[in-house]
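Hello,

The structure we talked about is below. My notes on it follow, for you to check against the coordinates.

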Amino acid sequence: MKFTTATIAAFAMLGLSAGANAQSLDAAEAEVWSFVEESYAEHQAGGTWHEVLHEDGFGWGSVDYPMGRDRETIERYADALGGEGEILFVEMTPVRISLAGDTAIAFYYTNVISTDHKGDRSTNATQCADTLVRTDGEWQFLGWGCRGLGDDD
């Protein structure tokens, strides 16, 4: 029983320290964060990110995709490969959402457990900064950049 209590206490402390770094979101910031989370849930596994990218969007990938990509390139890439595997678990934690009119920057962390096209499982943690613009009342990604935590870059 002591092990269980100690384990629960350790996880609670980790949760509290992670929450201390996160921003308390007001209604406008929460709207942006909801768009980021919903976009990730809807588009990550199927490779359909181009659907939520601004026509002038451009961003950096990760160590696996070091070249920047625009909307057209991302769409062509997804058409060639389709979904790559299965997302088993996603955890996203906002750090800060900054807003100025119809422009927002979302800073956040992700932790994703997935399988690739061969069925091999991996865990990837990233640190992200996305620039979003609201056009005709809808948020879209204009710029993005994520880096893997623990990467050498």
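Glu-72 and Arg-76 sit four residues apart in helix H3 (residues 71-81), which is about one turn of the helix. The two form a salt bridge, with 3.4 Å between the closest N and O atoms. Glu-72 counts as exposed, at 53% relative accessibility. Please keep in mind throughout that this is a predicted model.

The salt bridges number three in total. Another of them pairs Arg-134 with Glu-31, where the closest N and O atoms are 3.5 Å apart. Arg-134 belongs to strand S5 (residues 121-135) and Glu-31 to helix H2 (residues 27-43), so this pair ties together parts that are 103 residues apart in sequence. Arg-134 also meets the side chain of Asp-102 in a salt bridge, at 2.9 Å from N to O. That pair links distant parts of the chain as well: Asp-102 is in the loop between strand S3 (86-100) and strand S4 (103-115), while Arg-134 is in strand S5, 32 residues apart. Through shared partners, Glu-31, Asp-102 and Arg-134 are joined into one network.

How exposed are the members of this network? Arg-134 is partly exposed, with a relative accessible area of 26%. Glu-31 is partly exposed at 38%, and Asp-102 is partly exposed at 42%.

Next, the overall layout. The secondary structure consists of three helices and six strands, and along the sequence the pattern reads α-α-β-β-α-β-β-β-β. The six strands make an open sheet with mixed pairing, in the order S2-S1-S6-S5-S4-S3. Strand S2 (69-70) and S3 are at the edges, each with a single partner strand, so one side of each has no neighbour in the sheet. Within the sheet, S5 and strand S6 (residues 138-148) run antiparallel and are joined by ten bridges. Gln-127 stands opposite Arg-147 in S6. Helix H2 lies across S3, S4, S5 and S6, and runs at about 155° to S3.

Cys-128 is in strand S5 and Cys-146 in strand S6, so the pair ties together parts that are 18 residues apart in sequence. The torsion about the S-S bond of Cys-128 and Cys-146 is about 115°, so the disulfide is right-handed. Is each cysteine buried or partly exposed? Cys-128 counts as buried, at 4% relative accessibility, whereas Cys-146 counts as partly exposed, at 27%.

What does Tyr-108 touch, leaving aside its neighbours within four places in sequence? Its contacts are Trp-33, Val-36, Met-92, Thr-93, Pro-94, Val-95, Thr-126, Gln-127, Cys-128 and Asp-130.

Two figures for the chain as a whole. Of its 153 residues, 25% count as buried. Among contacts with a separation of 6 or more, 51% are between residues 24 or more positions apart.

Regards

Terms used. Residues numbered from 1 in each chain as written. Predicted model: local features only at pLDDT ≥ 70, side-chain atom pairs only at ≥ 80, totals over all residues. Heavy atoms only, no water. Salt bridge = Lys/Arg side-chain N within 4 Å of Asp/Glu carboxyl O. Helix = DSSP H or I, 4+ residues; strand = E, 2+ residues; numbered from the N terminus. Buried < 20%, exposed > 50% of the residue type's maximum accessible area, 1.4 Å probe, protein only. Pairing = 2+ DSSP bridges. Contact = heavy atoms within 4.5 Å. Axes fitted to C-alpha atoms, helices over the stretch in contact; angles between N-to-C directions. Disulfide = S-S within 2.5 Å.
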